[in-house]
Amino acid sequence: MARLRPILAFFIVMFAALPGTAAAELTYVIRGVDDPLKTNILNHFNSLQFGPQVQLTDRQFDRVLEKAIRDAKASLRPYGYYAAEITGSIRRQDSDEPVLELRVKPGPPIIIESLQLELAGKGSKSATLNGWRRNWPLNEGSILDQVVWEQQKQLALELAGSIGYLGAEFTTRTLELDLKRNRASAKLTLNTGQRFVMGDIDFGEHILNPGILELVPRFEKGDPYTTLLMERFRSDLWQTGYFTDVDVVEIEVPDSEPQRVDLQVRTSTEFRDHYTGSLGFGTDTGARLQGNWSRHPMSPKGDRIDLGAGWQELDDQFAVRARYRRPREGRNREYWTVDTVIKFENMDLEFKLKPEDDDFIQFANGNVDERHVRLGRLKVRNLGGGETQLFETPFVQYINSEKKFV
């Protein structure tokens, strides 16, 4: 086949360059098998082109066909078919386009006769990894599928890494094939090694006062490493609203005791104003309009303020809201909060026999003014190793409501 490639390349260049001559790509037709076997066979073929005037010798056609048959047989082996019988031919269609047709008999597949799947190391009792072992799809009596075999191996390493066993590796991974009996013996041993823990955090240079960013992580140094905690850490940094850019680099330190993952955090911060607004219509409110402004951080203290105003057509209701939040110095994940609401609306007093009645009697109209101020302390409690959070807010509240009807 190596000698044939220069010849084919010569034909492709020469005949594609001739005026009025179009090169036709060799079409492959596979019969006898369906997907995924059919698709995998086609993926193993190289694209070849022949000009309409190309006249290959019988020997050259045979070499192209032999190569296609060899590639097809190789493509079936990952799916457990090592004894395939394949015949084929090359012909030209009425359109003069060349067609290579293969007729495939996959033969008996390789069956897994014995399976040994083991976990070793500190994480051998892990519910996550034992769940992977229980759900292993290639059990005794199954057709050997090396695509699934490799996928499951990769999945095991990903699961191990997700719960902190970043050095996990397969110390045994063997597939012994008996091609005469079409049987296979499979052995896999995953050694998890030690579990990594959360290490030091370097927040780098930023404009916030010391102690502000240190309140963000849901974990303490020495807590078990998990990818979920890392996802939450990145998300929590963004949700503070302090940053225009956040980059967290994980640095594995396997030589430490215990093995740990240090974090390098780099952020960009701007004192930013945020504006949002909406205009809509609802059957229960009529037209409505809302606008909000927020600034966070307001200062290096990490505080923020949110102001909003809204109006709705029903009852001519107008409301103004304000919220201020500031981290408590020296208190982990604790904040002072102040919320204020002022609302005005014009209300009709109506009498109906039943709530669903369309008919009613209006006997008064007036204004309702409401004002309330709430002062509180927000504390964020981490549960389940930081996987969930509980927001606790003890507060005191002043409420004033005035109603005037005529």
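Predicted model: local features only at pLDDT ≥ 70, side-chain atom pairs only at ≥ 80, totals over all residues.
Figure 1. Helix H6, strand S15 (317-327), strand S17 (361-383) and strand S18 (388-392) each supply at least two residues of the lining of the largest pocket. H6 gives the largest share of that lining, 4 residues. The space in this pocket comes to about 390 Å³. The lining is made up of 18 residues, and those closest to the pocket centre are Asp236, Thr240, Arg325, Tyr335 and Gln389.

**Figure 2. The open sheet of S9, S11 and S10, with helix H6 across the three strands.** The strand order is S9-S11-S10, and the pairing is mixed. Strand S9 (197-202) and strand S10 (243-253) are the edge strands, each pairing on one side only. From one strand to the next, the twist averages 25°. S9 and strand S11 (residues 260-269) run parallel and are joined by 4 bridges. Within this pair, Asp202 stands opposite Gln264 of S11. Helix H6 (residues 227-239) lies across S9, S10 and S11 and runs at about 155° to S10. The helix that crosses this sheet is also the one that gives the largest share of the pocket lining in Figure 1.

**Figure 3. The open sheet of S6, S8 and S7.** This sheet has 3 strands in the order S6-S8-S7, again with mixed pairing. Its edge strands are S6 and S7, each of which pairs on one side only. The twist averages 5° from one strand to the next. H4 lies across S6, S7 and S8, at about 175° to S6. H5 also packs on the sheet, where it touches S7 and S8; its direction makes about 170° with that of S7.

**Figure 4. Strand pairing on the two sides of S8.** Strands of a sheet pair through backbone hydrogen bonds, either parallel or antiparallel. Strand S6 (residues 111-120) pairs with strand S8 (residues 183-191) in the parallel sense, over 9 bridges. Gln116 stands opposite Lys187 of S8. Strand S7 (residues 169-178) pairs with S8 in the antiparallel sense, also over 9 bridges. Here Glu176 stands opposite Ser185 of S8, and Glu169 stands opposite Asn191 of S8. S7 and S8 form a hairpin with 4 residues between the strands, and Asn182 in this hairpin takes a positive phi near 55°.

**Figure 5. The largest nonpolar core and the contacts of Leu190.** In soluble globular proteins, nonpolar side chains tend to be buried together. The largest nonpolar core here has 21 residues, of which Trp132, Trp136 and Leu190 touch the most other members. S6, helix H4 (127-134), helix H5 (146-162) and S8 each supply at least two residues of this core. Leaving aside its neighbours within four places in sequence, Leu190 is in contact with Glu118, Leu119, Ala120, Leu129, Ala156, Leu157, Ala168, Glu169 and Phe170. A second, separate core has 20 residues, among them Leu213, Phe233, Leu237 and Val248.

Figure 6. When neighbours within four places in sequence are left aside, the residues in contact with Ser89 are Leu65, Val99, Leu100, Glu101 and Arg103. Glu66 is 23 residues from Ser89 along the chain, and the C-alpha atoms of the two are separated by 9.8 Å.

**Figure 7. The hairpin of S12 and S13.** The two strands of this hairpin have 3 residues between them. Strand S12 (residues 273-282) and strand S13 (residues 286-295) run antiparallel and are joined by 10 bridges. Phe281 has Ala287 of S13 as its bridge partner. S12 lies largely in the open, because the number of buried residues is 1 of its 10.

Methods: Residues numbered from 1 in each chain as written. Heavy atoms only, no water. Pairing = 2+ DSSP bridges. Axes fitted to C-alpha atoms, helices over the stretch in contact; angles between N-to-C directions. Contact = heavy atoms within 4.5 Å. Core = buried A, V, L, I, M, F, W, Y, C linked by side-chain atoms within 4.5 Å. Buried < 20%, exposed > 50% of the residue type's maximum accessible area, 1.4 Å probe, protein only. 1 Å grid on protein atoms, 1.4 Å probe; cavity = no way out; pocket = protein on both sides within 12 Å on 5 of 7 lines; lining within 4 Å. Points joined across faces, edges and corners; volume = space filled by probe spheres on them.
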